[in-house]
Amino acid sequence: MKISDLVKADDKEIAVEPDDILCFVAVRNEMLRIDHFVDYYRKFGVDKFFFADNDSSDGTKEYLDAQRDCYRYNTDGAYFIENISPPAWTNTLANVFGDGHWCLTVDADELLVFPHSEQIDLRQLCEYLEICGDEALYCAMIDMYPDGPVTAANYAPGSPFIDSCPYFDPKPGWIWPRDGECPQDQMFGGVRERVFWKGEKRNETPPCLNKIPLVKWRKGMKYLVSMHFHSGARLSPVTGNLLHFKFLEGFVETSKSQVTANAGVVEKSLQERAAYLDEIDRNPEIVFRNEQSVFYNGTKQLVHLGWMRTTDRYEEFVDVLSATKELTRSHGDGEPQDADANEDRYQ
C-alpha cells in the first residue's frame, strides 16, 4: 500500500479501533532509542504506532516489523527537505489514519510528561481534555543532559533515557509572541542556547522549544514546521513537556552524518547541528552541567519551576481518579493495570 511517497513495508494488517490513541513518528537509524521509546509510550497508553522509516539500516526496521502494534511505511526521501517545513510524512499518515483519534506526533528522542503523569496515563489525560472541550496539548521541550562530558555519555539500549541524561536547566525558555498562530507564543532558550548560542551566535535565533505533540485530529489538519506550529486547534490551559534526549551516546556521530549527508541543504535544524559540532570541535570535553543544573525529579518539580502548568479543575480531576484507585484498593481488587504500567515507565 502506497501513501504519497510512503510505501507500507511490513505485512501486518492495519486494524485501528475507534478509541485507539495513535502515535506518528519519523525515524532513521534509531535502534539506540527505539526499544525504550516504544515501551515508554506503549505503557503510557498508545495503542498503535505509525512509523515513517527513512531507509533505516541499523536494525530499526527489523525491530519495528517484529512489534504487533507498530506499522512501518518506508520512504527514501530527504528528511530535512520533506519532513520538517512541513513534516509531510507524519502529516500524511495522520490524515489517513488519525481522523477522530487522539494523535501523538513526536520524535524518537522525545518523551511526553504532563502534570501527574506518574499517576495518570495518556488515555486519562485525553478524557480530561475531551471533558473540557480542548483539542491539543502545548508542550515545551526540556533538553536533558548527562553529568559529565557530552561526548562521553553512555547509554544501554532499552534502558530508560533518564538514567543516562538526568539533568536539565531549571529556568524555562523565553517567549516571543506570534499572534494569530497556533501556538501564539514561541519559546526559545534552555541548555542549547546557553552552551551553543554565544559570541557571534547571539545574533541568530536559537532552537525553538515549543511543540504541540498531542492533538485530537481532524482530517485536513497539519503541522506547519515540525511539530512547533499547527494549522489550528483549541489548546488546553494545562501544559506538558517533552523531555528531549538528543544528547545520548552517539550524538556527535549522528550530527556529523546528518550534516555531511545534507551538504548544500539550507535548513534551520541542520544549521543548529553544525553549531553543535563547531562548539564541540573547539571543546571536545564540553560539559553541560553547571552549578545551576538540576536533577530530574518528576512533574511536580516541573510545575514548581514553571516549565509546565496545571489548573484547579485539572487537579480536582486527578484527585477524583486517585480517590477511585484508593477505593479499588480498599475493596481488595488491586491496583488498576494501566496505573501499574504508567508508574513503571521509568523503572
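Here is a chat about some labels used for this predicted model.

Me: Why is Asn95 called buried?
Reply: Buried means under 20% relative accessible area. Asn95 has 16% relative accessibility, so Asn95 counts as buried. You'll find Asn95 in helix 4, residues 88–97.

Me: What makes the pairing of Asn95 with Trp217 a polar contact?
Reply: The cut-off for a pair of N or O atoms is 3.5 Å. The side chains of Asn95 and Trp217 make their polar contact at 3.2 Å. Leaving aside neighbours within four places in sequence, Asn95 is in contact with Trp217, Arg218, Lys219, Gly220 and Met221.

Me: What does the side chain of His101 reach, and which residues does His101 touch?
Reply: The side chain reaches the backbone oxygen of Asp20 at 2.8 Å. Not counting residues up to four places away in sequence, His101 touches Val16, Glu17, Pro18, Asp19, Asp20, Leu22, Val215, Lys216 and Trp217.

Me: Asp11 and Lys12 sit in the loop between strand 2 and strand 3. How do you know which label, buried or exposed, goes with Asp11 and which with Lys12?
Reply: Exposed means over 50%, and buried means under 20%. Asp11 is at 77% relative accessibility, so Asp11 counts as exposed. Lys12 has a relative accessible area of 15%, so Lys12 is buried.

Me: What does Lys12 touch?
Reply: Leaving out residues up to four places away in sequence, Lys12 touches Leu64, Asp65, Gln67, Arg68, Cys70 and Tyr71. A polar atom of the Lys12 side chain lies 3.0 Å from the backbone oxygen of Leu64, and the side chain also reaches the backbone oxygen of Gln67 at 2.6 Å.

Me: How far apart are Lys12 and Asp65, and how far apart are Asp11 and Arg72?
Reply: Lys12 and Asp65 are 53 residues apart in sequence, but 8.3 Å apart in space, C-alpha to C-alpha. Asp11 and Arg72 are 61 residues apart along the chain, with 9.3 Å between their C-alpha atoms.

Me: What is the phi of His116, and why is His116 called buried?
Reply: Most residues other than glycine have a negative phi. His116 is not a glycine, yet its phi is near 70 degrees, a positive value. His116 is at 14% relative accessibility, so His116 counts as buried.

Me: What about Ser226?
Reply: Ser226 isn't a glycine either, and its phi is positive, about 45 degrees. At 12% relative accessibility, Ser226 counts as buried. Ser226 lies in the loop between strand 13 (223–225) and strand 14 (229–230).

Me: Which peptide bond is cis at Pro86, and which at Pro183?
Reply: Most peptide bonds are trans. The one joining Ser85 and Pro86 is cis, with omega about 0 degrees. The one from Cys182 to Pro183 is cis too, with omega near 5 degrees.

Me: Last one: which residues touch the most other members of the largest nonpolar core?
Reply: Tyr41, Phe51, Leu112 and Leu122 do, out of 59 residues in that core. Another core lies apart from it, with 23 residues, among them Phe24, Ala26, Ile212 and Tyr223.

Technical notes:
Residues are numbered from 1 along each chain as its sequence is written. This is a predicted model: local features need pLDDT of at least 70, side-chain atom pairs count only at pLDDT 80 or more; totals for chains, interfaces and linings use all residues. Side-chain values use heavy atoms; hydrogens and water are left out. A nonpolar core is a set of buried Ala, Val, Leu, Ile, Met, Phe, Trp, Tyr and Cys residues joined through side-chain atoms within 4.5 Å. Buried means under 20% relative accessible area, exposed over 50%, partly exposed in between (1.4 Å probe, protein chains only). Helices (H or I, at least four residues) and strands (E, at least two) are DSSP runs, numbered from the N terminus. A polar contact is a pair of N or O atoms within 3.5 Å; within protein, one must be able to donate a hydrogen and the other to accept it, and residues adjacent in sequence count only if both atoms are side-chain atoms. Contact means heavy atoms within 4.5 Å.
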